Amino acid sequence: MNGFNRRSAIQAAFAAAAAAALPAVFGQAAAEPRVIEMTARRYTYEPNEIAVKAGERVVLAIRSIDFVHGLNIPDLGLRFDLMPGRVTRVELQPAAPGIIDFLCDNFCGEGHETMHGRLVVSA
Amino acid sequence: MLRRDLLALAALGGGAVFASGLAGCATRAAAAAGGTKDFYFVQLSDAHWGYQGPANPDAAVTLRKAVATVNALEVPPDFIVFTGDLTHTTDDPVERRRRMVEFKSIVAGLAVKPVHFMPGEHDASLDHGAAFKENFGETFYTFDHKGVHFIAIDNVSDPGARIGAQQLAWLQADLAPRDKAAPIVVLTHRPLFDLVPKWDWATRDGAQAVALLMPYANVTVFYGHIHQEHHAMTGHIAHHSARSLIFPLPAPGSQPDRTPLPWDAAAPYKGLGFREVDAEDVGSRYTINEFPVVRA
């Protein structure tokens, strides 16, 4: 997966979800993840290239404009239907540098095959 | 001259692949008892009628040339299958139907009948298969030929690339009464397994279909979608994708994007073509012969 350790990435994604419970247990305030606001519309995500640092917690907050677009991140084993008019929040914590591709996997029209993007994870 | 000899000659410029050889004693015994014969069929795929672009500046005539090449085969096939993306997608439902009517008028020139049509996502995903059904009939069905059971699976009418619970139940019911050694061919558009999910080369619930097929010893899958010849196994089940009739796509996962390979003016139709599938021993063995759009 483009120099990125898939198992680490998946573990990181689940670790991020688990970490949300820590403040209640230990009474400490965990750093809030960076929220990246995105839109999904025929036939693009905006932005479609997102820079993230390895180990950084981010939330993709995606508003679908015109269709039940998909968000599939195969390398992380994650996928979502993006309901129009709603914001879908996806928390990630990539563990290592590399490229993580994502795509719309709900066929949405003539330009569907161009609707994809990537997370660029730097050290 | 035997047909097998003819194939050896015909494969010049293409390639022959020994596709499946899982014949068990039970199957051979069934063949002998059933008195069935070897046969072959032609698989065409991914014509994308209506496409206009640099990846195939000859798109207006490529399908017609393929029809002519099929008609010129030395020995006619028993039947023809077309595994989806008959037309190139359009958001305009009127234009979608116009393309389908044009496509039908061209393939009506195929001398051999019947032709079994399956939808691709370009045909069916924007209207849940409505225009396809109007023009070609059901999107999933079965037929039998000389002892082989053919199952056409629709993994495109759902825009999310699902076969769906209803069709999976239908598949399960169709398989249930069959002998575990029965020869079965599955025809579909997308790969039933995760070939390259990041290129959408997968079926979201394809693993469920494969699980239903797994108890059967003699299953082979022929599909389209990826615009190139490719061979893979899930357990004992072989999966063979076909070339397209519009433009080739890159090898699975070989580059960041699945953009079409550029047209080669020095070698028109390079990477395009169709195949013969030779079923031997009642579908327990298949030999695939690839053919170009235009034969020298």
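At what angle do helix 7 and helix 8 of chain B pack, and how far apart are their axes? In this predicted model, helix 7 (residues 165-175) of chain B packs against helix 8 (residues 206-213) of chain B at an angle of about 10°, and the axes lie 10 Å apart. Angles under 35 degrees count as roughly parallel, so helix 7 of chain B is roughly parallel to helix 8 of chain B.

**Helix 7 and helix 8 of chain B**

- Helix 7 of chain B contributes B:Leu168, B:Leu171, B:Gln172 and B:Leu175 to the contact.
- From helix 8 of chain B come B:Gln208, B:Ala209 and B:Leu212.
- By residue type, the contact of helix 7 with helix 8 of chain B comprises five nonpolar residues, two polar and no charged.

**Strand 10 of chain B and its partners**

- Strand 10 of chain B spans residues 237-241 and is mostly covered, with four of its five residues buried.
- Strand 8 (residues 219-223) of chain B runs parallel to strand 10 of chain B, and four bridges join the two.
- In this pairing, B:Tyr223 is opposite B:Ser241 of strand 10 of chain B.
- Strand 9 (residues 230-234) of chain B pairs with strand 10 of chain B in the antiparallel sense, over five bridges.
- B:Thr234 is found opposite B:Ile237 of strand 10 of chain B.

**The hairpin**

- Strands 9 and 10 of chain B form a hairpin, with two residues between them.
- Within the turn, B:Gly235 has a positive phi of about 60°.

Technical notes
Residues numbered from 1 in each chain as written. Chains lettered and ligands numbered in written order. Predicted model: local features only at pLDDT ≥ 70, side-chain atom pairs only at ≥ 80, totals over all residues. Buried ≥ 20, exposed ≤ 12 C-beta atoms within 10 Å, placed from the backbone. Pairing = 2+ DSSP bridges. Axes fitted to C-alpha atoms, helices over the stretch in contact; angles between N-to-C directions. Parallel < 35°, antiparallel > 145°, perpendicular 65-115°, else oblique. Contact = placed C-beta atoms within 7 Å. Nonpolar A, V, L, I, M, F, W, Y, C, P; charged D, E, K, R; others polar.
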